[in-house]
Amino acid sequence: MEVILAKKAGFCFGVQKAIDMVYDEANSSNNNIYTYGPIIHNEEVVSDLESKGVKAINFDENELNDLSDCTVVIRSHGVGKNIYDSLEQRNCDVVDATCPFVKKIHNIVKEESEKGKTIIIVGSEYHPEVEGIKGWVNGDAFIVDNEDDARGIDLNPETPVCIVSQTTYNPEKFAKLVEIIGEKGYDSNVVNTICNATNERQKEAKEIAGKVDAMIVIGGKNSSNTQKLYEICKNECENTFYIQTAKDMDFEKLKDFEKVGITAGASTPKNIIEEVHTKCQR
Ligand code: F3S
């Protein structure tokens, strides 16, 4: 049986970097270590970190009050400036694992808002990344997540505007919302800050699923990006299996197929992907 493993299966570069940083910190520091929110949406990784003394806490700014003299890892989603300020006041060391692509958006909205531009963030209002981006805007920011939001933007027509996007936003939806805002005639500077890691993972999965007899998609049950990968693969390949770990796969079943493809969602650890890969090759 031939097995094709997607090169872009699993963690994107930003998440991998954040995870490496937490493990490095856990292995080298004697401080109490917290991650500002779970480092990724994967229970195995979170509990493995817990066993190394790293606690994932979903604090809001008030809960920061309980912390002092510890290390706090900022995950790849990033946070607003107020959080860095609070941590500094509490004497906490910060390990900043904000993805550089997200950091770039922070810098854009900070600089552009300081120049007097009104910032519009295309993204989901309560997504931590969007909250973080908003936290770097000097002044007001508008969040636009659908056509009604875009139509509802009502600024003085002379207002200079800067539009950015959540990194994981759908490119077509972004273009549509920008078009609606564009009809209002503002002097707008549109910066497409969508990261193509998700797109590339999906494109590759589609390509592989199109040429194999069976396709395995690995990822959490509740992971929306894995569900999306599954749909894409299922469209191309009828025999697509959605599994969380190697335990969910009946490898005997695969023996009927000549060519099998494997991909994985954005929060699937490498060891799980490798285990599935190895078992397919037996
Ligand atoms: Fe990942 Fe950073 Fe893109 S966290 S999805 S590489 S913005």
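Two strands pair if DSSP finds at least two bridges between them. Helices (H or I, at least four residues) and strands (E, at least two) are DSSP runs, numbered from the N terminus. In β12, T263 is the bridge partner of V217. This is a predicted model, in which local features need pLDDT of at least 70 and side-chain atom pairs count only at pLDDT 80 or more, while totals for chains, interfaces and linings use all residues. Residues are numbered from 1 along each chain as its sequence is written, and side-chain values use heavy atoms, with hydrogens and water left out.

**Sheet with β10 and β12**

- Four strands make an open sheet in the order β1-β12-β10-β11, and their pairing is parallel.
- The edges are held by β1 (2-5) and β11 (240-243), each with a single partner strand, so one side of each has no neighbour in the sheet.
- On average, neighbouring strands of this sheet are turned by 20° against each other, direction ignored.
- Five bridges connect strand β10 (residues 214-218) with strand β12 (residues 259-264) in the parallel sense.
- Helix α9 packs on this sheet and touches β10, β11 and β12, where contact means heavy atoms within 4.5 Å.
- The direction of α9 makes about 165° with that of β11; axes are lines fitted to C-alpha atoms, for helices over the stretch in contact, and angles run from 0 to 180 degrees between N-to-C directions.

**Helices α8 and α9**

- The axes of α8 (residues 197-209) and α9 (residues 224-236) come within 8 Å and cross at roughly 30°.
- That makes α8 roughly parallel to α9 (angles under 35 degrees count as roughly parallel, over 145 as roughly antiparallel, 65 to 115 as roughly perpendicular and the rest as oblique).
- The crossing of α8 and α9 is right-handed, a term used if the near helix is turned clockwise from the far one by less than a right angle.
- On the α8 side the contact is made by R201, Q202, A205, K206 and A209, which meet N225, K228, L229, I232, C233 and E236 in α9.
- The residues of this contact divide into five nonpolar, two polar and four charged; Ala, Val, Leu, Ile, Met, Phe, Trp, Tyr, Cys and Pro count as nonpolar, Asp, Glu, Lys and Arg as charged, and the others, Gly among them, as polar.

**Sheet with β4 and β5**

- Another open sheet has four strands in the order β3-β2-β4-β5, with parallel pairing.
- Here β3 (54-57) and β5 (93-96) stand at the edges with a single partner strand each, so one side of each lacks a neighbour in the sheet.
- From one strand to the next, the twist averages 25°.
- Strand β4 (residues 71-74) runs parallel to β5 and is joined to it by four bridges.
- V72 stands opposite V94 in β5.

**Positive phi values**

- D69, in the loop between β3 and β4, has a phi near 45°, a positive value in a residue other than glycine.
- N91, in the loop between α3 (81-89) and β5, has a phi near 65°, again positive in a residue other than glycine.

**Ligand shell**

- C12, G14, C99, F101, T167 and C195 surround the ligand, a residue being near a molecule if one of its heavy atoms lies within 4 Å of it.
- This shell divides into four nonpolar, two polar and no charged residues.
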